[in-house]
Amino acid sequence: MALNSVNLDHMKKFLFLMIALSMAIASCAQFSKLKLPKLSTGLSIEEIGGGLKEALNNGISKGSDLLSQVDGYYQSPYKIFLPAEATNVINKLKMVPGFNDLEQNLTLRVNRAAELAAQKAKPIFVKAIKEMTFQDATNILMGADTSATFYLNQHTYAPLYSEFQPIILDALNEVHAADYWETAVTAYNKIPLVKKTNPKLDDYVAAQALNGLFAMIAKEEIGIRKDISLRTSDLLKKVFAKQDKK
């Protein structure tokens, strides 16, 4: 009985040792997994995230600065044209005194509104970038040429739109575009047998202005990824050097 008791005691100690060893191995494996982003890129998650945020901040600053200038939208590839619904209004009213240059005047005023809004949009975008987590940083860095812009669009477009729309409405009112459009639509709707039109001009312009701004950010991101001379800081050079090798 004594021998069996000793053997049983040894067996318990052996099993306990094996369990402890298995747990240690599992912990080491888990720790190794946590370190993979550092080992695979040579960069910390903080460095990757910081570089991406700097790149996006640069794109937003440059994009909003360019688009917020006079003719920033109006004389650029991001010019905002009138919504499709406006065609019927313009065609019916172009022969009416006072409305013969409706399309040109309204298009100019719409773009002026977007240019004014772009001046106020930067802090909204910057705040959104500051709140971006580092979770997907490595995938974004090693992804497509506009991965960061796509990520920003997917994660911030809806809340940005809700904040951007009233800015556009204020800007439209500031250049009297909303009143101009309302006057034109009211006159159009008085014409017999026409389909009544009442497009939400602020919604339309807000969406077009945001699309233009995101397009500018994408352009800047592609530039930083492709053109080494645009990497104006040590962090940008260090971070984007890794995606050059992908």
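Sorted by class, the lining of the largest pocket in this predicted model comes to 7 nonpolar, 3 polar and 3 charged residues. For that sorting, Ala, Val, Leu, Ile, Met, Phe, Trp, Tyr, Cys and Pro count as nonpolar, Asp, Glu, Lys and Arg as charged, and the others, Gly among them, as polar. The pocket itself holds about 210 Å³ of space. Of its 13 lining residues, K127, A128, E131, H155 and T156 are the closest to the centre. A pocket here is an open set of points on a 1 Å grid over the protein atoms alone, where a 1.4 Å probe fits and protein lies on both sides within 12 Å along at least five of seven lines; lining residues have an atom within 4 Å of a point. Grid points are joined across faces, edges and corners, and the volume is the space filled by probe spheres set on them. Helices α4 (102–130) and α6 (147–174) each bring at least two residues to the lining, and α6 gives the largest share, with 7 residues.

Residues are numbered from 1 along each chain as its sequence is written. Because this is a predicted model, local features need pLDDT of at least 70 and side-chain atom pairs count only at pLDDT 80 or more, while totals for chains, interfaces and linings use all residues; side-chain values use heavy atoms, with hydrogens and water left out.

As for the overall fold, the chain has 9 helices and 0 strands. Helices (H or I, at least four residues) and strands (E, at least two) are DSSP runs, numbered from the N terminus. Of the 246 residues, 40% count as buried, where buried means under 20% relative accessible area, exposed over 50%, and partly exposed in between (1.4 Å probe, protein chains only). Among contacts (heavy atoms within 4.5 Å) between residues at least 6 apart in sequence, 82% join residues at least 24 apart.

Next come the charged pairs. Side chains of opposite charge can pair when their charged atoms come close. The whole structure has 6 salt bridges, each one a side-chain nitrogen of Lys or Arg within 4 Å of a carboxyl oxygen of Asp or Glu. One of them joins K238 to E47, with the closest N and O atoms 2.7 Å apart. K238 sits in helix α9 (residues 234–244) and E47 in helix α2 (residues 45–67), so this pair ties together parts 191 residues apart in sequence. K238 is partly exposed at 41% relative accessible area, and E47 is partly exposed too, at 22%.

Another salt bridge brings D71 and R112 together (3.0 Å, N to O). D71 is in the loop between α2 and α3 (86–93) and R112 is in helix α4, 41 residues apart. D71, R112 and E115 are linked in a network of salt bridges.

K226 and D145 also meet in a salt bridge, at 3.3 Å from N to O. K226 lies in helix α8 (residues 201–226) and D145 in the loop between α5 (137–141) and α6, so the pair ties together parts 81 residues apart in sequence. K226 is exposed, at 58%, whereas D145 is partly exposed, at 27%.

Finally, there is the matter of confidence. The mean pLDDT (the predictor's confidence in each residue, from 0 to 100) is 76 for the chain, and 82% of its residues reach 70 or more. Where pLDDT is low, the predicted coordinates should not be read in detail.
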